[in-house]
Amino acid sequence: MNQRKVSFLVLAALLSLLLLLFYLGVDPYALLAFSIFLPFLLAIQYAFLKFLRFRYLAACERSFPNFLRDLAEARRSGLNLIEAIKLCSRNDYGTLSKEVKKLKDQLSWNIPLHEALESFRSRLGKSSVIAYATLILEQAERSGGNVSLILDSLADNMESLKEIEAETRALMRTHVTSLYAIFFIFLGISAALIRFLVPLVQTQVAAEAMPFGMLAGSPCSACVGKSEASCLICNFYFELCRLFHFGSESELACYMKSLFLTMILIMGASTGVVIGQIAEFRAIAGFKHSLILVLAGFFIFVSLSMLK
């Protein structure tokens, strides 16, 4: 099942759930919060599928040089390229084995070599390295010459590229560490403000001793019990307060805790994307970092906020 079908099924399931909740007469504020979360859920599902595809292609790229070398050896033994592919399909190339067997099956059905290679290239089309290598392989087979030497050269070049990428990732580790440190420093500052500053401000509000006209109460207090469009964000914060027991909707603690939690989640997700681009040269590779930072920030902040 491709990514588009999975995305469509997930969207249909979420919309069906939303309609079911509306039919059952669920609290409209809860429906509103769910509607706000819906795009984020879809984005997470899409990013997860893209990340799985990225990991799949990366695994295929790691095994592809071995496949090329085995093809070269089979060619040196006197086999043509079609027979060499069929022979190599018996070997274990990890994740790539499934694609090689599909290629062998197509050739066994008397599909022309160039069409089978085109299909192979389209299935792994997001990998530019494999796409270029198979294109060179196809052209070399058509034009003749020392195909074995070309295959060995392709394998060596692919491994050289992987070594360069590995060295670059090693150099970028200090930047990755710095980004992790920045996020957790921000998380610590946010937790400290919630634990110490907000109670102090609420105490001053209770004593009516706010100096210089400082904010007395929550900026969202005027939206309590209202469902206007202008109160959309505040109602979202109210749902977070009810869910995680951040306090009364009219209190400053509810607003501040919900605000900082939202900021932490957004910062964790965006920092992970930046880390992926720096470390793996692809933003989607940062999905795992985003997941780690978002979950760590969520559990640490919520746990500290709920402490008395």
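**Close-up views of a predicted all-residue model**

**Figure 1. Lining of the second largest pocket.** The residues that line the second largest pocket comprise 8 nonpolar, 1 polar and 13 charged residues. The model shown here and in the following views is predicted. The largest share is that of α2, with 10 residues.

**Figure 2. Contact between helices α5 and α6.** Two packed helices are described by the angle between their axes and the distance between the axes. For helix α5 (residues 113-123) and helix α6 (residues 128-143), the axes come within 10 Å and cross at roughly 170°. The two helices are therefore roughly antiparallel, as the crossing angle is over the 145 degrees that this description requires. On the α5 side, the contact involves L113, H114, L117, F120 and R121. These residues meet I130, A131, T134, L135, E138, E141 and R142 in α6. By class, the contact of α5 with α6 is made up of 6 nonpolar, 2 polar and 4 charged residues.

**Figure 3. N110 in the loop between α4 and α5.** Most residues other than glycine have a negative phi. In N110, which is not a glycine, phi is positive, near 65°. The loop that holds N110 lies between α4 (96-108) and α5. N110 counts as exposed because its relative accessibility is 69%, and the cut-off for an exposed residue is over 50%.

**Figure 4. H245 in the loop between α8 and α9.** A positive phi of about 55° is also found in H245, again a residue other than glycine. H245 is placed in the loop that lies between α8 (232-244) and α9 (252-280). With a relative accessibility of 58%, H245 therefore counts as exposed.

**Figure 5. The protein as context for the close-up views.** The protein contains 10 helices and 0 strands, and the pattern along its sequence reads α-α-α-α-α-α-α-α-α-α. Of its 308 residues, 38% count as buried. Among the contacts between residues at least 6 apart in sequence, 63% join residues at least 24 apart.

Methods:
Residues are numbered from 1 along each chain as its sequence is written. This is a predicted model: local features need pLDDT of at least 70, side-chain atom pairs count only at pLDDT 80 or more; totals for chains, interfaces and linings use all residues. Side-chain values use heavy atoms; hydrogens and water are left out. Helices (H or I, at least four residues) and strands (E, at least two) are DSSP runs, numbered from the N terminus. Ala, Val, Leu, Ile, Met, Phe, Trp, Tyr, Cys and Pro count as nonpolar, Asp, Glu, Lys and Arg as charged, and the others, Gly among them, as polar. Axes are lines fitted to C-alpha atoms, for helices over the stretch in contact, and angles run from 0 to 180 degrees between N-to-C directions. Angles under 35 degrees count as roughly parallel, over 145 as roughly antiparallel, 65 to 115 as roughly perpendicular and the rest as oblique. Contact means heavy atoms within 4.5 Å. Buried means under 20% relative accessible area, exposed over 50%, partly exposed in between (1.4 Å probe, protein chains only).
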